[in-house]
Amino acid sequence: MKIIESIEEMQEYSQQLKRKGKTITAVETSGYLHDGHMSLVKIAQDIENTNIVVSTWASSPLNIYMEWPENYKEILIEQESLYIKNSLMEDLELCQAHDVDVFFHPSMLDYYQSPIQTITVSHDINRHLLDNSDTFILGKSLINTNISYIKEWNTICPDIVIVGQKDIHQSVLLKKTVTDLNFPIKVIIAPTLRDSDGLAFSSRNKFLSDSERQDATSVYQTLHEVSRWFTYPSIEKIKEHIIDRITNATGNIIYIDICCAKTLEELDVIDKETVIVVSTKFGEVDVWDNIIIDPERIKR
Amino acid sequence: MKIIESIEEMQEYSQECKRDGKTIASVATTGYLHDGHMSLVKIAKENADLVVMTTNAVPDLIQFSIEWPENYKKYLIESEARYQKHSLENDLEICRKHKVDVFFYPSMLDYYLNPVQTITISHEITKRLLNNPYTYCVGAMISFILDLNIKIWNSILPDIVVEGQKDIHQNLLMKFFLNYFHYPIKVIIAPTIRDADGMALSSRNRFLTPSERQEATSIYQTLHEISRWSTYPSVTEIKEHITNRINQTNGYLYYIDICCSKTLEELDVIDKETVIVVSTKFGEVDVWDNIIIEP
């Protein structure tokens, strides 16, 4: 496995691979890798004649800020050394074990020479998230993450990008950015990897106590049940149902977003492929999940 | 000369060329080509194996609207038809004559499947341009220009883009954003082509009367003189000097902008590479020019 730290070296290496007639498949992460990420790598392994690049700075921890603080460079350096101390070695081993070809780990300071709010890459489809105080931070961080990804696409020059359904808002937005701006990239949205009890994989799960963990499975159970319904009531009713179920299991709801799976437009009734996104907290731990439901299934 | 109309075909052709180890330089224009554009082609040919000329029949809509109307496709189709009728044949011929390798001429409808709202720029320069009524339009269209350029870069996948120094604000900004987004693309800013009297070449110059034209040469003269100074006073004093010189003519001064050539930040003193942009009107004709000075 090749380890690349410089943006220029990554660009040159990509050009080299392309001259040899190979394609490049990128799995872009924020580091702290686990089996969920590796399930994306496995999808890449099934693609013929491709080189797999795993990157670690697809999004910055500062992306949640409306305005990047003036000392943002210090914060980035701190985040970077934390990552190097706590996760880099494990991430390298995991990638090596999964036959990743390139581990791309640039310095954050190279990526963020200027703060990110200079420019915003946003979509109408993101607007309803910004308009709602519960989802505002998500909406804002998506805009900035979009920019981080454009930076990475220009560095890795991938032919294929594999993103997870876990971050469904982000994945749909990235797909739209690729289409709108003509990036020569194919985006594959990979299904969420789950434990046997249904809980979606996350590096945060290890902080759940045993009872919290059991309670947290209510999130997927509820979503899964809803996806099996034969008729759908109004969006309001669906939200109420989910809130009841999760609150009964001692979870705190942060937000529920029900929107069109293709455009992220907010819906009043479920008349097309729809995604239900639930963000909750069990104890101190964020647990989020989503499911795509297809009303056409009922007709079949 | 290869003529390509589809974005996918352009991308595939570029990738094929790259696999063969060839480098690509692109010159992006809005069509209606003249000798000024061909000076960019010449520089492109000197710096890469293949030259792609792209003409984009962008409607005025792109320049002046903050939000696109719902029927925006109508405007795209109209401006495309206008371009085909008035300039396409001529553009093809002049490109063939200058040995352009690929003429990339995508349909605007393919570029704008959706109205542009994807990108907004809140760079300091935009605020400055938007705050001045004379530069408002330049400021307002920057987001659209960036959006269009990203589409062009992603379609042609060039190694080098050649831009003219004439539209300096726009080009420095594109250079800034190419950098910002880490595009593996090098920018060459080509010097402005001038007539023997120093006037920057422009399709508008023909509307100047002989006396207006003579007065208009004072702009370049003034800028050129300043570039020869051995020390620079404050930016305020430089602006005063230029204003005085232009006031001695019948020219009307729109604005003078003095900013860092890398970041486009406004400067108080000239302590780094600086660009001085002057925009004026002589009679009914807009005359603008700029110069880059190195302290």
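Hi everyone! Across the interface of chain B and chain A there are five residue pairs in polar contact, both residues at pLDDT 80 or more; that means N or O atoms within 3.5 Å, where within protein one must be able to donate a hydrogen and the other to accept it, and residues adjacent in sequence count only if both atoms are side-chain atoms.

A quick word on the source. This is a predicted model, in which local features need pLDDT of at least 70, side-chain atom pairs count only at pLDDT 80 or more, and totals for chains, interfaces and linings use all residues. Residues are numbered from 1 along each chain as its sequence is written, chains are lettered from A and ligands numbered from 1 in the order written, and side-chain values use heavy atoms, leaving out hydrogens and water.

How many salt bridges join chain B and chain A? The count is zero, taking a side-chain nitrogen of Lys or Arg within 4 Å of a carboxyl oxygen of Asp or Glu. On chain B's side, the largest share, six residues, comes from α8(B); helices are DSSP runs (H or I, at least four residues), and strands are E runs of at least two, numbered from the N terminus.

β6(A) pairs in the parallel sense with β7(A) over five bridges; pairing takes at least two DSSP bridges. There, A:Ile160 stands opposite A:Lys186. Thanks!
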